Number of protein chains: 2
Amino acid sequence: MREPVPLPKAYRLLNHGPTVLVSSQHDGRSNVMAAAWAMPLDFDPPKLAVVIDKSTFTRRLLEASGHFALSVPCRAVADITFTVGSVSGRDEDKLQARHIATFAGTTTAAPLIEGCVGWLECRVIAQPGVQQAHDLFLGEVLAAWADSRVFRDGRWHFDGAPDELRTLHHVAGGAFYSPSDLLLARLRPATP
Amino acid sequence: MREPVPLPKAYRLLNHGPTVLVSSQHDGRSNVMAAAWAMPLDFDPPKLAVVIDKSTFTRRLLEASGHFALSVPCRAVADITFTVGSVSGRDEDKLQARHIATFAGTTTAAPLIEGCVGWLECRVIAQPGVQQAHDLFLGEVLAAWADSRVFRDGRWHFDGAPDELRTLHHVAGGAFYSPSDLLLARLRPATP
């Protein structure tokens, strides 16, 4: 069910604005946090941007290793998403203490989170100015994966798939909306 | 129905990942484009990030004026959203040719788009490095507004509101999902 996403379509995993899980690994320690502030930055090679606060342990590992991964969570893992967004890796080994299953990526050592529906393995594109001033990290996507039940042919297909595979879009305080009701827009004609 | 959003809650307008309309004005000319790649960057003072391609007329006006606005469209204006994302202001005056109604902001000259459900007036935070290399623009939010039928008490409330006021989340090729089915996540207990 987990299948590679062709790199030129990797941006589509984030195009509709889901909350993501950011993970990183360095020197035998790994961590994961939630981030609602992430977006695509370029198509091919695919790049993305994500905001990672200075106080986070994930950031320390990311800066030390130069790599990170995003996992795109769905309703089935909403509790994991909320939990890793609420506790700090400085205080506990979240992955172990909260029983969060992971699997290995192919291009980075950052752990990918089981039960999610999309994954992006990234290397940090160094931009010390915005990293320091705005906690903004840019990454190049080296590999991408998705659950083919909801992402195939280069795009999301939530209709007809199990409800709990829909992505999470954080509103406030652990409340998430999910995508529904696909709408096909039309061109508005110009005045003749 | 259009009410001011307190600045420390302005990030919530973008937190769930909607597609936005970017508008700008300079020297009597104005334009608007669609952008799926936008996100919050900070809480207070509120800041945001948005990707704006070099080829766009909106960017030319934004760079000349140092200001821009985001409007957060909903299903009622899906056709406008798709249209301003498909035609270029270099080729036509979109606002006039496509009969797009606007209203004036309070802190910038960039036009705000009628029929949307949220609005953010911004000044550009100069970051020439990422602007040039990655088409990435940072902005400080100077004023924010929302339709109180769907955004009040500092957050979105789509449940119970008219369907066409739900925001748009671009999947591919003019197809948009909208938020639905609010889910309240719980903390996953740590191992005792």
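How many helices and strands does the secondary structure of chain A come to? Counting as helices the DSSP runs of H or I with at least four residues and as strands the E runs with at least two, numbered from the N terminus, chain A has 4 helices and 14 strands. Before going further, please keep in mind that this is a predicted model, in which local features need pLDDT of at least 70 and side-chain atom pairs count only at pLDDT 80 or more, while totals for chains, interfaces and linings use all residues. Residues are numbered from 1 along each chain as its sequence is written, and chains are lettered from A and ligands numbered from 1 in the order in which they are written.

Let us begin with the single chain. The radius of gyration of chain A, taken over C-alpha atoms, is 17 Å, close to the 16 Å from the globule rule for 192 residues, so chain A is as compact as a globular protein of that length. That rule is 2.2 Å times the number of residues to the power 0.38. Along the principal axes, the C-alpha trace of chain A spans about 60 × 35 × 30 Å. Of its 192 residues, 52% count as buried; here a residue is buried if 20 or more other C-beta atoms lie within 10 Å of its own, exposed if 12 or fewer, and partly exposed in between, with C-beta atoms placed from the backbone.

Just after H1(A) comes A:Gly66, with a positive phi of about 75 degrees.

In the loop between E2 and E3 of chain A, A:Asp27 has a phi near 55 degrees, a positive value in a residue other than glycine. A:Asp27 is exposed, with 9 other C-beta atoms within 10 Å. In chain B, phi of B:Asp27 is likewise near 55 degrees, and B:Asp27 counts as exposed with 9 C-beta neighbours inside 10 Å. The loop between E4 and E5 of chain A holds A:Pro45, which a cis peptide bond joins to A:Asp44, with omega about 0 degrees. In chain B, the cis peptide bond between B:Asp44 and B:Pro45 has an omega of about 5 degrees.

Now for the pair. Chain A can be laid on chain B with an RMSD of 0.0 Å by a turn of 180 degrees and a shift of 0.0 Å along the axis, in a least-squares superposition on the C-alpha atoms of residues with pLDDT of at least 70 in both. The two copies are thus related as by a two-fold rotation axis. In chain A, the C-alpha nearest that axis belongs to A:Gly17, 1.8 Å away.

Where do the chains meet? In all, 54 residues of chain A are in contact with 55 residues of chain B. E14(A) gives the most to the side of chain A that touches chain B, with 10 residues. The residues of this side divide into 30 nonpolar, 15 polar and 9 charged, where Ala, Val, Leu, Ile, Met, Phe, Trp, Tyr, Cys and Pro count as nonpolar, Asp, Glu, Lys and Arg as charged, and the others, Gly among them, as polar. Since 100% of the interface residues of chain A are also interface residues in chain B, the copies meet through the same surface.

A sheet also crosses between the chains. Taking strands as paired if DSSP finds at least two bridges between them, 4 strands form an open antiparallel sheet in the order E13(A)-E14(A)-E14(B)-E13(B). E14(A) and E14(B) pair over 7 bridges, one of which has B:Ala175 as the partner of A:Leu184.

Finally, A:Ala49 in strand E5 of chain A is buried, with 26 other C-beta atoms within 10 Å. Leaving aside residues up to four places away in sequence, A:Ala49 touches residues of both chains, including A:Leu138, B:Ala49 and B:Leu136.

Terms used: Two residues are in contact if their C-beta atoms, placed from the backbone, lie within 7 Å.
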